[in-house]
Amino acid sequence: MRAPCSCTRSVAPASASTSTQPIEPRWAYPKSKAAAEEVNHVEQKRIPYVILRLAGVYDEHSTVPTMAEQMARIYERDFESYFYSGSTLVGQSMLHRGDMLEAFRRTVDRRNVLPPGIDILIGEPDAIGYDALQDKLSELIHGEDDWPTLRVPKPLAAAGAWAQSHLEPVIPDAIDRGKPSFIRPFMVAMADDHYALDIRRARDLLGWEPQHRLQEELPGLVAALKNDPAGWYKRNGVTPPFWISKADELGRNPEKLRASCGADQG
């Protein structure tokens, strides 16, 4: 039996994605997941298997790249944090690492009774909207409960993302620290996609449902960022701004160092 991870973005976006919806990957990573699933379907012969399609995995110290970048932009008060190119009501289902491991355990325990070749969605059924997540992160990080988020027309956002990605090689590393632009034109096209999950199959077949909710875990995630910014940036693969790296070298409070250096550095 196999239980490969499969990003929920392989599933067509909807108000509540189900395991029976068609696979419609729209960029390279979920396309690779869909290809792996197809290999299982074709090559499995008499070997039973189960595919668990996982939502975005997070824990107390790390999260998926899209959310990590969102947290970093707000923490840094980055100019890009105030703009979004899609509906600010859409969001992505998430999955706490502990709940993921429990889903794996239950799948293995029930391997002799599960229908072979079945697909099961694993994640929190609700997805926090982008604007609501922005406001909650702002409140937890800066004590401000309303982070202004302006909607940018898609053609303008795509043009801006294209320009950023093509200009990065000529921008001195002293300015951008060699960090490529995270937002790419293909992401703009998917900005209105909403990924909530229908987890009835997980409940019925595995007796599983998430014991964690992102809304309740956010204070811990933000605390990990604020308590050790340099460590959090490293764990999450995000390039830190100058003032965080310098504060880590000097053993100083990064926010106080940023204020003394000027808010526009790094």
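**Figure 1. Right-handed crossing of helices α2 and α9 in the predicted model**. Helix α2 (residues 65-76) and helix α9 (residues 214-227) have axes that come within 12 Å and cross at roughly 60 degrees. This angle makes α2 oblique to α9. On the α2 side, the contact is made by Met67, Met71 and Tyr75, and on the α9 side by Leu214, Leu218, Leu221, Val222 and Leu225. The residues of this contact divide into 8 nonpolar, no polar and no charged.

**Figure 2. Salt bridge between arginine 53 and aspartate 119**. The count of salt bridges in the model comes to 10. In the pair shown here, the closest N and O atoms of arginine 53 and aspartate 119 are 3.1 Å apart. The pair links distant parts of the chain, with arginine 53 in strand β2 (residues 50-54) and aspartate 119 in strand β6 (residues 118-122), 66 residues apart. Both arginine 53 and aspartate 119 are buried.

**Figure 3. Salt bridge between glutamate 139 and lysine 136 in helix α4**. The N to O distance for this pair is 3.8 Å. Within helix α4 (residues 130-142), glutamate 139 and lysine 136 lie 3 residues apart, about one turn of the helix. Glutamate 139 is partly exposed, with a relative accessible area of 40%, and lysine 136 is partly exposed, with a value of 23%.

**Figure 4. Salt-bridge network of Glu102, Arg105, Arg106 and Asp109**. Salt bridges that share partners join these residues into one network. Glutamate 102 and arginine 106 form a salt bridge at 2.7 Å, N to O. Both lie in helix α3 (residues 97-109), 4 residues apart, about one turn of the helix. Glutamate 102 is partly exposed, with a relative accessible area of 25%.

Technical notes
Residues are numbered from 1 along each chain as its sequence is written. This is a predicted model: local features need pLDDT of at least 70, side-chain atom pairs count only at pLDDT 80 or more; totals for chains, interfaces and linings use all residues. Side-chain values use heavy atoms; hydrogens and water are left out. Axes are lines fitted to C-alpha atoms, for helices over the stretch in contact, and angles run from 0 to 180 degrees between N-to-C directions. Helices (H or I, at least four residues) and strands (E, at least two) are DSSP runs, numbered from the N terminus. Angles under 35 degrees count as roughly parallel, over 145 as roughly antiparallel, 65 to 115 as roughly perpendicular and the rest as oblique. A crossing is left-handed if the near helix is turned anticlockwise from the far one by less than a right angle, and right-handed if clockwise. Contact means heavy atoms within 4.5 Å. Ala, Val, Leu, Ile, Met, Phe, Trp, Tyr, Cys and Pro count as nonpolar, Asp, Glu, Lys and Arg as charged, and the others, Gly among them, as polar. A salt bridge is a side-chain nitrogen of Lys or Arg within 4 Å of a carboxyl oxygen of Asp or Glu. Buried means under 20% relative accessible area, exposed over 50%, partly exposed in between (1.4 Å probe, protein chains only).
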